Amino acid sequence: MAQIVGFESTPTRRGTMRTLRVSAHLAWRILVHEKGRTALALAGVFIAILLVFIELGFFIAVPQGGMLVYDHMRFDLLLVSTDYQFQAQPWQFPRERLTQAASATGVAGATPIYFAGGSWQDPGGGLRLDVFLIGCDPAAQPFAVPDIEQRQDILAETDTFLVDDTTRSIFGPLTTGRPVDIDDRRMVTGGRYHLGTGFLGIGVVLMDEANFFRVAHRSRDPVNLGLITLAPAADAGEVAEQLRKTLPGDVQIFTRDELTAHENAYWTTRTSVGLIFGSGLLVALIVGLMVLYQTLATQIARNLPQFATMKAIGYGDASLAAVVAIEAAIVVVTAFFPAAAAAMAVYALIRSETLLPVALSASSVAAVLAATLIMSGASAFLSISNLRRADPAEIF
Amino acid sequence: MTILALNRYVSPRVPLAWRNLIADKKRLVRTSAGIAFAVLLMLVQLGFERSFFDASLSAVRELDGDLFVMNASKYRFGTRNPFAHNELNAIKKVTDIASVAPLYGDWQDFFWTSPIDNKPHLVRVFAFDPDAPPVFLLSGIADQQAALRGDDTVLIDSRSRRFLGMDGSVRETKLDGEMVYVVGKFSLGPDFMSDGTVIMSDRTFAKFFHSTPATLPIEAAVIKVKPGEDLSGVRQRLTAALPSTLTVMTKPELVEFERNFQAKLSSAAPIFWLGALVGFVVGTLISYQIIFTELSDRLPQYATLKGIGYKNAFLIGSVLRQALLTGLAGYIPAWFLCLAVYRIIGDIALLPLHMTLQVTLMSLALTLGMCLFAAAIAVRRVIAADPAEIF
C-alpha cells in the first residue's frame, strides 16, 4: 500500500516510471480479468483495422494497376509526347527523337514501344472483342518478363503474337497455335506471357515491330513510347535535365519516380477512383475510431465503481488516464497483427478477383499501424472524459 | 396489486422498450450516432455499387427506340463494330415499323482538345441524322438536334469530366484537329471508359472518316414500332428479314446485354459488396456494444421485473423491440444524411448516385438484421439475471 501511495506524490523521473509501471500493470489486470469482454473488444478493433486495410488496398489497387505494365518495362527514362495522358492514351512523337536521345551522353540505348487498339475474333466467327496491341523490338529487351525474353525467335515469325495470360476468358482458350483474326488479319498464337493487363484493356497481345506494323497499318514513325536506358554511371536526374534542354518541345521526359507520380495523380484525380476509395478510406478511419472509442468507453463504464474507488483512495486523474491509454494501446497492438495477416488474405482475394496488383508494402503497414495508434490515442482521450466524471461519492 | 393487474399496467400500456430508449436523451443521441455511421457506410457502398452500373448503362438507357439492330458480333454496346449501310433497306421493308434512324458511334478515335490544358483527350462520339426522329430520349439532345444541321456543329455533355472543359463556356475547339462549334449542351455523365461525350450530325461524323452519310457503316439502327403494334411480331419479322450476322434486341434486352458485360468483366461490384459487408459487420459490433451496455445498466430493473413475476419471453421481447427502435433511430438520420452524401459525391465524382427503393429496403433490412442479431446475443445477460443476486 505504501508503494501505491507513493504513486502520485513523487514528481521525479523514477516516480513517473513507477507510475507508468503501476498503470500498465493495472491496465493488464483489467484486460485479463474479464477475458470474454477483452476478446470482444479485440474482435471489434480487429475488424476496424481490417476495414482500414481493405479500403487502403482498394485505394492503392487502381494506381498500382496503372503502373503494372511500366513496372515490367526496362527503362531509366521514359520519352513521351507532350500530349501524353496516361499509359493507354500516350499519343505519339517522331521516331527521330529516340535517335537524338540515344546520342546524348550517359544514354546507353533507346527503343520504341508501339501501342494500338485492335479487334480479336475467332476465324470461325463469334464475338469481335477489343484487344490492346503492343509492338516492340524484342532484341532490345524492353520487357523484363521471362516469357517474352525467351521467345524472341517465336516473335520473329510472321503473323505470330504472344498473349497476356490474364486476358479474360471471354477471348476463348489462349493455347499456342490457335489461329485468331487480329484486325481481320489471320495470325497465330505463339504462346502466353505472364505480366497482367493493367488498365490497357480486357485483353493484351504483344508482337514484334514487323508484325505490328502489318496488322495495325502503322509505320516505324511515329512511336508511342521511348524507353531510354542509361550507362551504368549516369545519373537519371542529370541526363533527364540534359535531354529536356536538347530535345525539341514536342516530347517530355519522365524519370521513374516522376512517371509513378504522374500516373498516380492521373488515376486518383482524373478518374472517380480516388474519390470513391478515398472517401471509403476516410469512412474506415472514422468507423475505426468509433469502434475503438465504444470499446474503451464500455470498458470504463463497466469499471467505473473501481475507478471511483481508486480516486477516493488518492489516485489522480493522470494516472487513471494512463491506465486507459495503456489499455487502448495493448488492445490495438494485439489486434493489429492478426488484422494485417487477414488483410494479406483479403489482398490475395482482390488480386485474383480484380487482377490488380494489390500488395501490402512495408510503408502501408507502417502507415496503418501509425493511424491505428493515433486512433487509439484519440479514443482514449475521448473516453477519459468519462473517467473524470467518476465521482466516488456518487457511484455507490 | 396482483401480478395480473401489474402486467396490464406495464405490458400493453407502458411501452417499456420505447421508454427505455428515450429515458436518457444524451445516450440516445450517442447510440443512434454510432449506428447511423454503420448505416451510412452500408448505404454509401450499396450506392456506389449501383451507380457503377448506372453510369455504364446511362447511354443505352437514354436511347429512344423499341427495337435495335446491331452487329451480332458486338460483345458490348460501347465498342465500334458497325454494319453496312445498305442493310437499312431490308429493315425499312419490314411492316409495322414507324421509323428507322441510324446511330453512329465511336469510342476510340475522337480526341477533344480541352480548352483547359489545350491537349487532346479521348471522348465518346455519337452521331445521327438531325432530320430523322430522335434517337436519344435525353433532353438537351432530342430538343436541340435541329441545331446540328449546321456544318461542324456539336452538342457536348456538361457533366463530362472537368478536365475536358465541357462545363464551361467553350464555344469552339478542335476535335481530331478539325474545328468544331458547340451549339448546345446536354447532361449525361461519364462512365468508366469514356470521360466525355460529343454528339454531332451524321454529315459531320462522316467527314472525319472521309465518307458520306449514305455509305457510312451503322453502329445501331434505332427502330420505333407503329403505336399499338405487337413488338414481338415485328421483331420476328425483322430477324427473318436480316442476315444472321445482325441481331435484334428490345430496349430492356439491350440494357441487360450491357449489364451482363459489366457484371462479367468488371471487378467493381465485388469490391462494393465487400464494402457493404464490412459495414454490416462493423454495425453489428457497434450495436452489440450499445445494446450490451444498455442492458448492463438496466440489469437491476430487469431483475426486479423478473422478481415480480415477468417471464423471460416478455423481457426478451422488450429487448428485441428496443433493439429495433435503436436501429431505426440510427437508420432514419443516416438515410437523410446519405441523401446529402450522394449529392455531394455524385456531383464531384460525376456519378449517378441516387437513393432508390431497392437500396433503401436492402439497407433497412441489413440495419434491423444487425440490431436484432446483436440483441439476440446480448439478451442472454437478461435471461441470466438473478433477482436475488443483483442487489
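1. Two strands count as paired if DSSP finds at least two bridges between them. Helices (H or I, at least four residues) and strands (E, at least two) are DSSP runs, numbered from the N terminus. In the hairpin of β5(A) and β6(A), two residues lie between the strands, and A:Asp183 there takes a positive phi near 50°.

2. This is a predicted model, in which local features need pLDDT of at least 70 and side-chain atom pairs count only at pLDDT 80 or more, while totals for chains, interfaces and linings use all residues. Residues are numbered from 1 along each chain as its sequence is written, and chains are lettered from A and ligands numbered from 1 in the order in which they are written.

3. Confidence in chain A: pLDDT is the predictor's confidence in each residue, from 0 to 100. Chain A has a mean pLDDT of 87, with 94% of its residues at 70 or more. Residues 1–10 of chain A have pLDDT below 50, and this stretch makes 11 contacts in the model beyond near neighbours in sequence. Two residues are in contact if their C-beta atoms, placed from the backbone, lie within 7 Å. Where pLDDT is low, the predicted coordinates should not be read in detail.

4. Domains: the bounds come from an automatic or database domain assignment. Chain A has domain 1 (2–65 + 273–395) and domain 2 (94–249), and their C-alpha centres are 50 Å apart. Chain B has domain 1 (3–56 + 267–390) and domain 2 (73–243), with 49 Å between the C-alpha centres. In chain B, four residues of domain 1 are in contact with six residues of domain 2.

5. Strand pairing in chain A: strand β6 (residues 185–193) runs parallel to strand β4 (residues 160–164), and five bridges join them. One bridge pairs A:Phe161 with A:Thr189 of β6(A). On β6(A), strand β5 (residues 179–182) is joined by four bridges and runs antiparallel. Here A:Ile182 has A:Arg185 as its bridge partner.

6. A:Asp159, not a glycine, has a positive phi of about 55°, and sits in the loop between α6 (152–156) and β4 of chain A. A:Asp183 also is not a glycine and has a positive phi, of about 50°; its place is the loop between β5 and β6 of chain A. A residue is buried with 20 or more other C-beta atoms within 10 Å of its own, exposed with 12 or fewer, and partly exposed in between, the C-beta atoms being placed from the backbone. A:Asp159 has 16 such atoms within 10 Å, so it is partly exposed. A:Asp183 has 17 inside 10 Å, so it too is partly exposed. A cis peptide bond, with omega about 0°, joins A:Asp221 and A:Pro222. A:Pro222 lies in the loop between α7 (209–216) and β8 (225–230) of chain A.

7. Where do chains A and B meet? Contacts involve 36 residues of chain A and 35 residues of chain B. On the chain A side, α3 (35–71), β2 (107–122), β3 (125–136), α10 (273–302) and α12 (317–354) each supply at least two residues. The most come from α10(A), with 14 residues.
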